[in-house]
Amino acid sequence: MDRRCGYGLAAALALLAGGAAPALAADAPASPPATYSAHGADTCLVCHNDAGIMALFRTAHARPNDPRGPFGHGGLQCEACHGAGAAHVKAHGKQPAGIVDFGPRAVASAAKQNGMCLGCHRTGAAHDWDASVHATRGVACAGCHTLHAAHDPVRVADTQNEVCTTCHQTRQTDLLKLSHHPLREGKMACTACHSPHGSTAPAQLVHNTVNETCTACHAEYRGPFLWEHQPVTEDCDNCHEPHGSAQPALLKVRPPFLCQQCHEGAGHPSVANSPSGLPGGTPSAFLLAGGCVNCHSQVHGSNHPSGRALMR
Amino acid sequence: MKHLLRHNAPLALGVAAALAAGIAAADTPPEAPDTSSWKCSQCPFFEGYDAKVEVGAMYASGANASYGRYTGIDHTGAYADVAADGQYRSAEGNYASYDLEDLGLPSREGYVEGGHEGRFDVRLSYDGQPTRLYDVAVTPFRSLGDSSFGLPAGWVAAGSTAGMTQLQASLAPITLGFDRRTVALSGLLLAGSSWSVLGEFRRQEKVGTDFTSASFLTDALQVPQPVDYVTNSFDATAKWAGRMASLRITYTGSWFQDNSDTLTFANPYLPFVPGSTTGRLALPPGNNLQQLSAAGNVQLPWLATTLTYSASLGHLQQNAAFLPASTLPGATMPAPGSLDGDVHVSQYMLGLASHPLPKLSVHGHATYDGRDDATTPLTLAYVVTDTFPGGSFVTPRYSEDRVRLDGGADYSLFRWMRIGVAGELHDIHYGPGQVLTWSQDAQSWGYATIAPVAALSFTLKGGNAARKTSAFDAAALPPAENPLIRAYNYAPRDRVFFSLMSDWAVTATVSWTLEGFFADDDYRLSQLGLQSAHERRASTTISWRPRETLNLYADGGYQTYDYLQSGYSGVATPPWLVANAERFWNAGAGAEWLVSQRWRLKLDYLHTPSYTDTDITLNGPPQAFPQNWTRLDRTSLEATYVRSSALQFHLRYSFEKFDSSDWALGGVGPATIPNLLALGLQPYRHSVNLFALTASYQFGKVAAPKSD
């Protein structure tokens, strides 16, 4: 390595290190190390006892007989998530040192908040969290989860979509389109397909591939068929837009034009379908009703010995 | 080593300095306390039971299939509005709960659950999901049972629909739609502090009437299609979660069964050849998937590094008996009598996420996905649409190997700015018999999240992608296919994209969020097929909470999708060009108001129009298709009266109007097209008033917190 280049890199790393210090300082514990309160939750609840906070005792985090939970035997109760609070108590609540707060107005950084959650959940539901898109964008767990609510909205199908579309706003628009999965009707949740805590699949899907995800519900298209349609075996997204479409059947493009993006064979596949094929002119079966699928109805594959052109 | 150190000393110093800074600033965990005196005497743990019952009625005026597509409110009339939930929990940790919703509708769902905290849980659930298709459908076909459809006595076959003199008299309405009903039984066993075992059996039935279509050479028809699918699936997972590592092993089995996997229908046209009076379709065959997977992570002891891994092996099979090659007299079943379909799917993944510096994180995955279709190709003599022999062909099999490498780095440059770069390389190696041997999509992007003040943050992301492919093997195209065509998924493509996501707490009571997306795709090497595509999306929401009891909001969105594609009809005409432009809007506003301790109000309004313009250029100026459009307007009002802490009344009114125009359906009756006997499906349209009045009553007994 060129020595000048090396010194440049060293300077850059030093700059990184220097830049790191202030950020760490913001989250660093007070010195000496923080200590826990004397009586655990009984200390906290003296002040923090409004209905919104007390709703926690309707949730899975507050089960006294669950040894894995923060309120199980030997658990750190409130301080399992909020951190050691002795200094906070000593300062009569005015000193937030050592306390981790959560939510949109939190003082603690997203990384600090998430560190508390991942202390228990990293080896469970969030096992691929660290490399997930949400983690790398600095999304806090509490950005989606409402931990003290008796029913966390993001864990209920009816309300989950509202939580996700708070950030993914354009998906909210997609759900309003003519053709859509039943999300806005509350019959399906984003997590039916996506794993917001990270996954090994593209787009954080819950199954290994797009097709495995789709055919988990639409098993009739799983095949293998005697006559396969290549784009179907490759990726359902080649033809469908699962978040919502102005075209029927969640199609990206309306037939016959969708089909003609791949098929231009001699004869009718290459016919230029114009408005003259509409009912006012010479109504064309290539164009109207289902278009190409009026004949080639088995577009997902056919198990008929004569299904070569997906017509049987 | 000395050589390395001497020449890289500056780098080593830099790394050492950086690591030292990180280590020096690392958290020092507090000492674990003695919790033996932590009584939690003020903790109001739930003990006892409580329950809520909602009973009421709804009346829908003007409802149809379009309105009730996923709710089942599909006709004018009254519906029961019934729901209930409740739970019981003992001091020892035994519990039971249930939640039942929409019991008066086909979309009813619910569960009952029981168990012991920290030991086990058993849950039984049901989910009904109606799907209503078109509101208007008529057909001359009559069900003969056993997935067979015939024509009424006296039917006059003809060469075109215009000549079917008995058609109008024979038309009868049919209801198109189906119900998806899922029952699941699941169990969870927690063993010690590290082990757990989960199992779930799920049975999903999809039953009803869909529609399909078929042809006799050049004459086509649409026909009802009975749907009777059953999918049984079973998942079993054993999980181990230690302090620094985890492992989960999962078996998945899924068995799909089609109880009506053939559809036979009479030929309403004059047969092209003697005996071609009946057609038969093969509907989805039964299949099964079995998969074994392992996944987990390991916390490595340096640089806050997490290693994730997964491996999955699956086997997909299908061996349903073949039908005869046609319905023509003398047609035989091909040998072998079934496919013995055999596809192996596999995935292996290794991921790493690390924080080498407190402000720097890096992450990456290497993934292999394989789809190996080991089914033996068959050479089959086939019959064209139950009309005449079409020759012999070999069934193609499609296999792919995919390798995906992705990685990125994110760095907190300043307290108010975080930046990152990332990339992804996606290789697909296609199996034999395909027009490509490989394609490679390389994508890279960068982003910056800027938060100039605590209340405002926005993330800008931009990047590009290039898909390259191997040489195109036109010989692998189906016979007569134009060798210049480049299928969408096979075509080289250049992409540029940007996105913006913003979140701003303007004041203590006003917040504003925005998301935008921009992408341009260029298929510059495709002479025929998709040429370009342009996508724009923007949506925003602003909310204002002038006081604790009132929340006002407004949202809106705008999306466009334009594409250009070309085709070629033959030497006598120049290439044709189709231009398509979609526009979609949504605008809404609403309020939630806690008027008093007794009254709560919610109001919501939504307006969403969409427009699709398509034109085609042949020999001259572009010819425009009629504009396709949709328009949805919905107003809803909900009022809740709190009579007491136990009794509430809910009044709900909504008005929803949907209208649409679709040139593929509008005005297309059963006989509009000479060679398509259609179902007469018409564009969606409804105008519905929905009134609902329910009373909910909460009862139960909850133990008070313990006190010393």
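User: How far apart do the C-alpha centres of domain 1 of chain B and domain 4 of chain B lie?

Analyst: They're 24 Å apart, with domain bounds taken from an automatic or database domain assignment. The contact between them takes 18 residues from domain 1 of chain B and 12 residues from domain 4 of chain B; two residues are in contact if their C-beta atoms, placed from the backbone, lie within 7 Å.

User: Which elements give two or more residues to the domain 1 side?

Analyst: Strand E6 (138-139) and strand E12 (219-241) of chain B. Helices (H or I, at least four residues) and strands (E, at least two) are DSSP runs, numbered from the N terminus. E12(B) has the largest share of that side, four residues. By class, the side splits into 12 nonpolar, five polar and one charged. Ala, Val, Leu, Ile, Met, Phe, Trp, Tyr, Cys and Pro are nonpolar, Asp, Glu, Lys and Arg charged, and the others, Gly among them, polar.

User: What kind of model is this, and how are things numbered?

Analyst: It's a predicted model: local features need pLDDT of at least 70, side-chain atom pairs count only at pLDDT 80 or more, and totals for chains, interfaces and linings use all residues. Residues are numbered from 1 along each chain as its sequence is written, while chains are lettered from A and ligands numbered from 1 in the order in which they are written.

User: Where in chain B is confidence lowest, and where highest?

Analyst: pLDDT is the predictor's confidence in each residue, from 0 to 100. Chain B has a mean of 92, with 95% of its residues at 70 or more. H2(B) is lowest at a mean of 41, and strand E35 (residues 676-677) of chain B is highest at 98. Over residues 1-26 of chain B, pLDDT stays under 50. Where pLDDT is low, the predicted coordinates should not be read in detail.

User: How many residues does each chain bring to the contact between A and B?

Analyst: Chain B brings 162 residues and chain A 120 residues. Helix H2 (residues 9-24) of chain B gives the most to chain B's side, with nine residues. That side of chain B holds 74 nonpolar, 71 polar and 17 charged residues. For the complex, the predictor gives an ipTM of 0.92 and a pTM of 0.90.

User: What secondary structure does chain B have, and how much of it is buried?

Analyst: Three helices and 36 strands. Of its 708 residues, 33% are buried, meaning 20 or more other C-beta atoms, placed from the backbone, within 10 Å of a residue's own.

Methods: A residue is buried if 20 or more other C-beta atoms lie within 10 Å of its own, exposed if 12 or fewer, and partly exposed in between; C-beta atoms are placed from the backbone.
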